[in-house]
Amino acid sequence: MILVILGIDIGGTTTDLAGFDGDALVDVISVKASDPLASASGALGKFINKHNIPLSKIKKIAITGVGSSFIDMNLFGIETVKINEFTSIGLGGTYLVQADEAIVVSMGTGTAFVRVANGKVKHLGGTGVGGGTLMGLSKELLHTLDFKKVLEMSEKGDLGKVDLQLGDISQEEIGTLQKWITVSNFGKSSDDAAKEDLAAGIFNMVFQTIGMLSIFAARMEGDKNIIFTGQLANIPYGQRVLNSLIEAKLFDGNFKFPEYAEFSTAIGAAICLMKNNL
């Protein structure tokens, strides 16, 4: 194996790596560490050990993400190039679904929205609502930071105990809005709401907010495809919340949840390096 490019996305707590052999994606790896250099080096070391390859077989490394700002050196003596994070988000998302034009949504601690058209990436904006919101509210309302536990709780929850829905205030549908549409997140939080109901409400609020902002971005740019990437993209409960917006006829396009969505930014950094021959 001769690996031409490695892409590394260095986040606040998680670092993702994607390895390419020519144009083919070989493998993806994730490590956790608080120090950017330690996490990047750890991901690289883990990849090298797993595939039993010498450093000389790695031509270049592309780094991106918030943690890349702390690295001003070549990793392990290999030429290391910094790639704009928004460019990485856009190129990674469209690569994973083989699309030329789309809105790409990166759901991490917060959420970023970019548009890709013919290889060009434009940052549209973002929101502070994301995985950090989900865990912060879980800590305050459910007294836990165990993501798996919160997810399990949400699957058993009843949104009718926490969210105000259209059917609660109207006997008829309004326009195309159906009675189960959320009118106010946590607008009906009842005294008998269980922790499971609160967990469902937290997930519903986070994913509905991200979904509607994605739809607004797509409408503004005239796009029909929205690609969801990042750590939250492949959570079944979240996908159901997002797909319910399609079912509610709030968007007449397509939502896409690609495989390797959580590694999209690392993949995009590597692709940018290959495309531009940096």
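The model is a predicted one, so every value here is computed from predicted atoms.

**The nonpolar cores**

The largest nonpolar core holds 39 residues, and Phe207, Ile226 and Phe228 have the most contacts inside it. Several elements each give two or more residues to this core: strand S6 (101–107), H3, H4, helix H6 (195–221), S11 and helix H7 (236–247). Of these, H6 provides the largest share, with 11 residues.

Ile226 shows how many parts of the chain can meet at one residue. Setting aside neighbours within four places in sequence, Ile226 is in contact with Ile103, Val105, Ser214, Ile215, Ala218, Phe251, Asn254, Phe255 and Lys256. There is also a second, separate core of 18 residues, and among its members are Ile29, Ala43, Ile48 and Ile71.

**How the helices meet**

Two packed helices are described by the angle between their axes and the distance between the axes.

| Helices | Axis angle | Axis distance |
|---|---|---|
| H3 (residues 131–142) and H4 (residues 147–155) | about 75 degrees | 11 Å |
| H4 and H6 | roughly 100 degrees | within 7 Å |

Angles of 65 to 115 degrees count as roughly perpendicular, so H3 is roughly perpendicular to H4. H4 and H6 are likewise roughly perpendicular to each other.

Which residues make the contact of H3 and H4? From H3 come Leu134, Met135, Ser138 and Leu142, while H4 brings Phe147, Val150 and Met153. By class, the residues of this contact are 6 nonpolar, 1 polar and no charged.

On the H4 and H6 side, H4 contributes Phe147, Val150, Leu151, Met153 and Ser154. H6 answers with Lys195, Glu196, Ala199, Ala200 and Phe203. Here the classes are 7 nonpolar, 1 polar and 2 charged residues. Phe147 of H4 takes part in the contact with H3 and also in the contact with H6.

**Aromatic rings**

The count of aromatic pairs in the model is 7. One of them joins Phe228 and Phe257, with 5.4 Å from centre to centre and 15 degrees between the planes, and this pair is stacked. The two partners come from distant parts of the chain, 29 residues apart: Phe228 is in strand S11 (residues 225–230), and Phe257 is in the loop between strand S12 (254–256) and helix H8 (264–276). Phe228 is buried, with a relative accessible area of 0%.

Another pair is formed by Phe251 and Phe255. Their ring centres are 5.7 Å apart and their planes are at 20 degrees, so this pair is stacked. Phe251 counts as buried at 6% relative accessibility, and Phe255 counts as buried at 12%. Aromatic residues also gather in a group: Phe147, Phe203, Phe207 and Tyr237 form one aromatic cluster.

Not counting residues up to four places away in sequence, Asn243 touches Phe255 and Phe257. Asn243 itself is partly exposed, with a relative accessible area of 29%. Its C-alpha atom is separated by 14 Å from that of Leu232, 11 residues apart along the chain.

**Residues in loops**

Most residues other than glycine have a negative phi. Phe76 has a positive phi, near 55 degrees. Phe76 is found in the loop between strand S4 (60–64) and strand S5 (80–82), and is partly exposed at a relative accessible area of 41%.

His143 also has a positive phi, about 60 degrees, although it is not a glycine. Where does His143 lie? His143 is in the loop between H3 and H4. Is His143 buried or exposed? With a relative accessible area of 62%, His143 is exposed.

A last stop is Ala193, in the loop between strand S10 (182–184) and H6. Ala193 counts as buried, because its relative accessibility of 19% is under the 20% cut-off. Ala193 touches Lys161 and Val162, leaving out residues up to four places away in sequence. Ala193 and Leu159 are 34 residues apart in sequence, and their C-alpha atoms are 9.3 Å apart in space.

Key
Residues are numbered from 1 along each chain as its sequence is written. This is a predicted model: local features need pLDDT of at least 70, side-chain atom pairs count only at pLDDT 80 or more; totals for chains, interfaces and linings use all residues. Side-chain values use heavy atoms; hydrogens and water are left out. Rings of Phe, Tyr and Trp (its six-membered ring) pair if their centres lie within 6.5 Å; planes under 30 degrees apart count as stacked, over 60 as edge-to-face and the rest as tilted. Helices (H or I, at least four residues) and strands (E, at least two) are DSSP runs, numbered from the N terminus. Buried means under 20% relative accessible area, exposed over 50%, partly exposed in between (1.4 Å probe, protein chains only). Axes are lines fitted to C-alpha atoms, for helices over the stretch in contact, and angles run from 0 to 180 degrees between N-to-C directions. Angles under 35 degrees count as roughly parallel, over 145 as roughly antiparallel, 65 to 115 as roughly perpendicular and the rest as oblique. Contact means heavy atoms within 4.5 Å. Ala, Val, Leu, Ile, Met, Phe, Trp, Tyr, Cys and Pro count as nonpolar, Asp, Glu, Lys and Arg as charged, and the others, Gly among them, as polar. A nonpolar core is a set of buried Ala, Val, Leu, Ile, Met, Phe, Trp, Tyr and Cys residues joined through side-chain atoms within 4.5 Å.
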